[in-house]
Amino acid sequence: MKRSNRSRFVATRRPAILAFAAVAAVSTIAACSSSSSSSSSSAAASSSSAAASTSASASASSSGGSSTGIKKGLVVYFIPKDTQNPYEVLADQGGAKALAELGGKVVVSSGTADTAAAQIPSIQAAIQAHANAIVIAGNDPSALCPSLQQAATAGIAILSFDSDVTCGSSPNHLFVNQANTESIGTSEVDILAKEIGDSGQIAILSAAASATNQNSWIAYMKQELKKYPKMTLVKTVYGNDDPATSLTVLQGLLSAYPNLKGIISPTTVGIQAAAQYLDTHKSLLSKLTLTGLGLPSQMKPYVKDGTVKEFELWNPSQLGYLAGYAAASLASGTATLTTGSSFKAGSLGTYKVLAPTTGVGPSIVLGPPTVFDAANIDQFNF
Ligand code: RAM
């Protein structure tokens, strides 16, 4: 999973483009080493797990909306934060499944570093290809907006998922949110508070410093920390969703704050890197607790051996699947950005567009996150 300097170098010049002709068949269209070779990328994204049914039933109803009227042959560009993060790969595969069900196709295109600059060539590629929709995980809240506006002007439906872009009305777009933003942030703090007895120094090991999703969650973490006056957030460090960088900033954190009692890592890459480190430095476990957002398939060994007690996530494949249906519905005109507009998201049921709130435009929410621990982790295979 380690990224070489060479692959980073290539990525700055040309986006990685993968086409999912069908769920099982993944073919590389353009050169640029981009395949995910981590252990979890092969983990099947379950659509029938306990998390799946919880998420779907919580925010989807079974009536209203329809997938009839969806145009055939739609081309939807999925532009993840990067093409190597197993979480993003699962999300993109979910999108490919949706479009395969609808007679269209997904093209996955992005760089290998979590920057807006690495994503802009992919937006341009979508415009060149006359794509019907773009589904993007924003590496930056505003830097992508001019290119996305250009795509919208070319008639492409714009959606964000995983990490929103805050473009206002230029362009107006649908944010496919994984779970309620506030509850993700506050619950992370509550889990850690419970484990460390509500007191002590804590730190956050995040993804890219400009990532909209992590920054929104962190804002709610800070708000929630006011409930715990004896817990002090001493530092937030950024691992850029790169395993090696995450490890380096973690080590810096541990040496700068030897009395640290807790770490929240709201990124699957960061929490895995931290869990791996703690697993090989077990003496730290007597004073340090780790929680955050992780893939159960990656975190299972660390939960089984007691390195990590609890963490959260949703099913990334379902997030991509929902985004795929939303993109096809917007591109076909069977759904709009109007509050209350509904559409059928295949096996997940029917979703309704939520009203804009401060800083967030029209959105839909997959459902509540699942908390994983030793008692339930075997039930999940994503
Ligand atoms: C990482 C990415 C992604 C985030 C998950 C929880 O894989 O940063 O954007 O949603 O973690």
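Colleague: Which residue forms a salt bridge with Asp378?

Modeller: Lys304 does, and the closest N and O atoms are 2.6 Å apart. Keep in mind that this is a predicted model.

Colleague: Where do Asp378 and Lys304 sit in the chain?

Modeller: Asp378 is in the segment after β16 (370-372), while Lys304 belongs to helix α10. They are 74 residues apart, so the pair links distant parts of the chain.

Colleague: Buried or exposed, Asp378 and Lys304?

Modeller: Asp378 is exposed, and Lys304 is too.

Colleague: How many salt bridges does the structure hold?

Modeller: Five. One of them joins the side chains of Lys194 and Glu310, at 2.9 Å from N to O.

Colleague: Is Glu310 buried or exposed?

Modeller: Glu310 is at 13% relative accessible area, and the cut-off for buried is under 20%, so Glu310 counts as buried. Lys194 is exposed, at 55%.

Colleague: Changing topic, what about Lys227 and Glu224?

Modeller: Their side chains meet in a salt bridge, 3.1 Å from N to O. Lys227 has 58% relative accessibility and counts as exposed because the threshold is over 50%. Glu224 is buried, with a relative accessible area of 6%.

Colleague: Which residues are linked in a network of salt bridges?

Modeller: Asp279, Lys282 and Asp305.

Technical notes
Residues are numbered from 1 along each chain as its sequence is written. This is a predicted model: local features need pLDDT of at least 70, side-chain atom pairs count only at pLDDT 80 or more; totals for chains, interfaces and linings use all residues. Side-chain values use heavy atoms; hydrogens and water are left out. A salt bridge is a side-chain nitrogen of Lys or Arg within 4 Å of a carboxyl oxygen of Asp or Glu. Buried means under 20% relative accessible area, exposed over 50%, partly exposed in between (1.4 Å probe, protein chains only). Helices (H or I, at least four residues) and strands (E, at least two) are DSSP runs, numbered from the N terminus.
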